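Me: I would like a close look at a single part of this model. Please keep the account plain and give the cut-offs.
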Amino acid sequence: MATCAAPSTANLFIGALESSILDSAAVMPLERSWKRYIDDIHFLWINDYESLEHFKTLKWLSPTIKFTFEINSTHVPFLDTQLTNCRIETTLYSKPTDKHTCLLPSSCHPSHTFRGIPFSQALKSPCSEPDEEERHLNNLKSHLLKRNYDNKIIDKQINRAKQEDCKSLITFLRRKWSVFL
């Protein structure tokens, strides 16, 4: 998104589409399971497969929006996580088209930027399973090395992120962003 107003504009536009979708649905998703963040929507469906067709054929709403729809009885991606087995078992999710590009260290930015990128990306990788988290961190390191990040800086920032306590981080974020919640 190119401008500061783009996320708000997208949110308003998708919100209007969302209203049209729900107002015209003959059968609704499971109560309180409909979750949306800008243009990503997740819901649980307990009705028959045929009644889901309304949600699968949303192209009639807007020819300029490309809708994708995933049905899976065991897992589904939502934002950067993957929800598994009707529980929130998280793993980091990357779209198949993700090129894993991030700011090159050779660009003209302050040096702290290139310490912050490995740290912030490593913070995104807490998974329900420790082996899965380690796999994601190794992938992160591999992607950063391909972008010419310094190996020592990557290791130091990943280790720093591993030391973060998730509960205190969530508390901090809730305090910081409480205006929006």
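Leaving aside its neighbours within four places in sequence, which residues is Gln 157 in contact with?

Reply: This is a predicted model, in which local features need pLDDT of at least 70, side-chain atom pairs count only at pLDDT 80 or more, and totals for chains, interfaces and linings use all residues. Residues are numbered from 1 along each chain as its sequence is written, and side-chain values use heavy atoms, with hydrogens and water left out.

Beyond neighbours within four places in sequence, Gln 157 is in contact with Arg 115, Pro 118 and Phe 119, where contact means heavy atoms within 4.5 Å. Gln 157 belongs to helix H5, residues 151-163; helices are DSSP runs of H or I with at least four residues, numbered from the N terminus. With a relative accessible area of 5%, Gln 157 is buried (under 20% relative accessible area, 1.4 Å probe, protein chains only).

Helix H5 also packs against H4 (residues 130-146), at an angle of about 150 degrees and with the axes 10 Å apart. The axes are lines fitted to C-alpha atoms over the stretch in contact, and angles run from 0 to 180 degrees between N-to-C directions. H4 and H5 are therefore roughly antiparallel, the term for angles over 145 degrees.

On the H4 side the contact involves Glu 134, Leu 137, Leu 140, Lys 141, Leu 144 and Leu 145, which meet Asn 151, Ile 154, Asp 155, Ile 158 and Lys 162 of H5.

Conventions: Helix = DSSP H or I, 4+ residues; strand = E, 2+ residues; numbered from the N terminus. Buried < 20%, exposed > 50% of the residue type's maximum accessible area, 1.4 Å probe, protein only. Parallel < 35°, antiparallel > 145°, perpendicular 65-115°, else oblique.
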